[in-house]
Amino acid sequence: MPRIPEAEIERLKNEVSVQCLVEAAGVEIKRAGKDWLGRCPFHDDAEASLVVTPAKNLWHCFGCQIGGGPIDWVMKSRGVSFRHAVELLKADPSSAASAAAPGAAKRSSVRVLPAPVVLDADDQALVNQTLDYYHQRLQQSPEALAYLQARGLVHPELVATFKLGVADRTLGLRLPDKSRKAGADIRARLQKIGLIRDSGHEHFNGSLVIPVFDEGGNVVEVYGRKVRDDLRPGTPKHLYLPGPHRGVFNRAALTASREIILCEALIDALTFWCAGYRNVTAAYGVEGFTDEMLAAFKTHGTQRVLIAYDRDDAGERAAEKLAQRLMAEGIECWRIQFPKGMDANEYAQKMQPADKALGLLIRKAQWMGNGAAPDGPVVDIHTVPVRPKPVPPSLAAEAEAAAPTTPEPTQASPLPEAPKADTPAEQNDTDL
Ligand SMILES: [Zn+2]
């Protein structure tokens with residue numbers, strides 16, 4: 001086996017940040033003077049015995065009495081040999097840091113991958129590229145995938161359609177080191193945009209990220225939801241880019257349908273979408289319906305809004321207020337009534353199958369205007385779940401033989417039967 005050139009080893013020692021590796025391994029570290037302190041992951045550490053010294057790019061544990069540079073960290077944390085650690089770091093420092101089984105790491109001799117962002121790109125391109133990187137990382141993150149699963153967000157096209165991603169603390173590993181000018185410059189720019197904080201951490205660290213696009217396909221807003229619930233008290237679970245909210249989530253829905261389901265949170269909107277209800281959008285929180293959303297409703301000729309805010313005090317109040325505002329613009333408003341205290345995601349998870357359970361509430365939505373409701377049950381052709389079109393067996397075989405690469409656009413199913421008065425599917429709050 002050829003010797004690893006000394007220059008290569010020196011380069012890794014200088015260019016791969018120990019601090020980023022430690023953070024990427026999920027260790028929370030806090031600044032203490034010129035050092036950073038955290039709990040050592042290699043022993044049962046009740047205090048912060050792990051010290052990281054960025055100026056020297058070294059780490060040390062006072063409990064284990066071990067330490068070193070980036071290569072030593074990967075050897076210890078991944079349980080691999082010196083050579084293997086070097087290979088991992090050369091191939092991709094972000095993957096070297098993650099806690100995948102050491103055997104699964106692919107040996108490779110490619111150089112350190114280029115930064116996921118083009119260093120001289122404009123601000124909008126930097127945001128787009130960072131979100132592209134987060135999107136690529138999602139499939140490498142068992143934790144984020146498990147989170148989607150746990151929230152019932154499992155539709156096979158979901159991740160690609162909305163370009164969901166994860167900020168898995170590896171972005172810093174892929175940027176030039178901060179001690180170099182290029183590294184310092186790009187970090188300063190990402191900081192100005194709000195993707196990196198003053199502390200140097202990624203703003204969306206440890207979060208599932210949901211980008212919101214403008215009509216040109218640019219990311220104009222990002223919602224982040226921490227995937228772990230065992231956070232230090234006071235850590236916010238919900239994050240956005242700094243500054244006023246921008247963008248309309250799933251704008252395609254407004255183009256396709258005059259009837260829109262409006263949720264108070266993006267996770268709720270994804271819940272409807274996964275259950276087949278594609279004509280759905282979301283506000284940015286219970287008080288987060290923006291002028292831009294209203295303008296988009298008007299531009300696209302939205303006629304009817306089914307407000308699917310949480311069924312709690314805040315949700316009820318906000319739905320009432322919003323209905324006044326929309327109806328003043330000539331948009332009919334209906335209230336989807338989850339059982340008391342519930343939101344769309346919780347309801348869909350408890351009431352299986354979710355498409356039927358949500359469909360029931362859509363058909364029973366309550367008119368929010370004065371006087372009698374406009375005629376008939378509220379159900380637009382788009383407010384029925386999208387299901388795969390049934391294909392006769394013979395055609396199915398042919399289709400398979402033809403190996404289609406682009407699926408046909410799915411047709412909306414015929415309207416489901418309205419529930420009968422004695423339908424057992426009806427749920428009382430107390431049943432749940
Ligand atoms: Zn230790």
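I looked up the exposed side of helix 14 first: Asp-313, Arg-317 and Lys-321 are exposed there (over 50% relative accessible area; buried is under 20%, partly exposed in between, 1.4 Å probe, protein chains only). Helices are DSSP runs of H or I with at least four residues, strands runs of E with at least two, numbered from the N terminus. The model is predicted, so I note that local features need pLDDT of at least 70 and side-chain atom pairs pLDDT 80 or more, while totals for chains, interfaces and linings use all residues. Residues are numbered from 1 along each chain as its sequence is written, and side-chain values use heavy atoms, without hydrogens and water.

I then listed the buried residues of helix 14: Gly-315, Ala-318, Ala-319, Leu-322, Ala-323 and Leu-326. They lie on the same side of helix 14 because their arc around the axis is only 140° (taken from the directions from the helix axis to the C-beta atoms). They pack against strand 10 (259-263), helix 13 (291-299), strand 12 (304-308) and strand 13 (332-335), with contact meaning heavy atoms within 4.5 Å.

Of its 68 residues, Ile-261, Phe-272, Phe-289, Ile-336 and Phe-338 touch the most other members. Helix 12 (residues 266-274) gives the largest share of this core, seven residues.

I checked Phe-338 separately: leaving out residues up to four places away in sequence, Phe-338 touches residues including Phe-272, Tyr-309, Arg-311 and Leu-361. A second, separate core has 28 residues, among them Ile-9, Leu-21, Val-74 and Val-80.

Terms used. A nonpolar core is a set of buried Ala, Val, Leu, Ile, Met, Phe, Trp, Tyr and Cys residues joined through side-chain atoms within 4.5 Å.
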